[in-house]
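Here's a walk through the aromatic rings in this one, and then a look at the overall build. Have the viewer open while you read.

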Amino acid sequence: MEKAEAKAVTLHARTRSEGYSGHADWEYIRILKEAVNIPVIGNGDVLTCYDAKRMLDETGCDAVMIGRGVLGNPWLIRDCVNYLENGEEPIEVTPKDKIEMLKRHFDILVKDKNEKSALIEIRTHALWYIKGLPGSATIKNQICSTKTKEEMFDILDI
């Protein structure tokens, strides 16, 4: 890739057959970084700002890509930037913060698509946002049966 003039390369340190099981092997990121002269972006198992820092330290990679870690937790990007750049500890995200972000996410989807499509798409994201909240199983079932924005927001406002 470097010979083909790629400007950077990202390595997800997990095989396709592993899927979401097991753990990303960051050693492969380190090996790649030592083998090329272009920037290397590491990816895999970054769920906290501490994981991002550890990946940078252990592999020497130039940047970190976060995938699953931001599902239902978009604050992770903010926390990583603040921690890596300023040493600031993560800010606690409250259940209210999660519900408000879910609503905001939904409103953005509605603007980009339409309410019906947004309702279908937000269901998967909603499950990530409410994971671990009290009554999340009940809320999940209710969200998955909503037919309007108002119904969904009424459920979330309880």
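The charged end of lysine 103 sits over the ring of phenylalanine 153, 5.3 Å from the ring centre; that label needs NZ of Lys or CZ of Arg within 6 Å of the centre and within 35 degrees of the ring normal. Keep in mind that this is a predicted model, where local features need pLDDT of at least 70, side-chain atom pairs count only at pLDDT 80 or more, and totals for chains, interfaces and linings use all residues. Residues are numbered from 1 along each chain as its sequence is written, and side-chain values use heavy atoms, with hydrogens and water left out.

The structure has two aromatic pairs (ring centres of Phe, Tyr or Trp, the latter by its six-membered ring, within 6.5 Å; planes under 30 degrees apart are stacked, over 60 edge-to-face, the rest tilted).

| Edge-to-face pair | Centre to centre | Angle between planes |
|---|---|---|
| Tyrosine 50 and tyrosine 83 | 5.0 Å | 75° |
| Phenylalanine 106 and phenylalanine 153 | 5.9 Å | 65° |

Tyrosine 50 is in helix 2 (residues 49–59) and tyrosine 83 in helix 3 (residues 75–86), 33 residues apart. Helices here are DSSP runs (H or I, at least four residues), as are strands (E, at least two), numbered from the N terminus. At 37% relative accessibility, tyrosine 50 is partly exposed, whereas phenylalanine 106 and phenylalanine 153 are both buried (buried is under 20% relative accessible area, exposed over 50%, partly exposed in between, with a 1.4 Å probe and protein chains only).

Zooming out, the protein chain has seven helices and three strands, in the order β-α-β-α-β-α-α-α-α-α.
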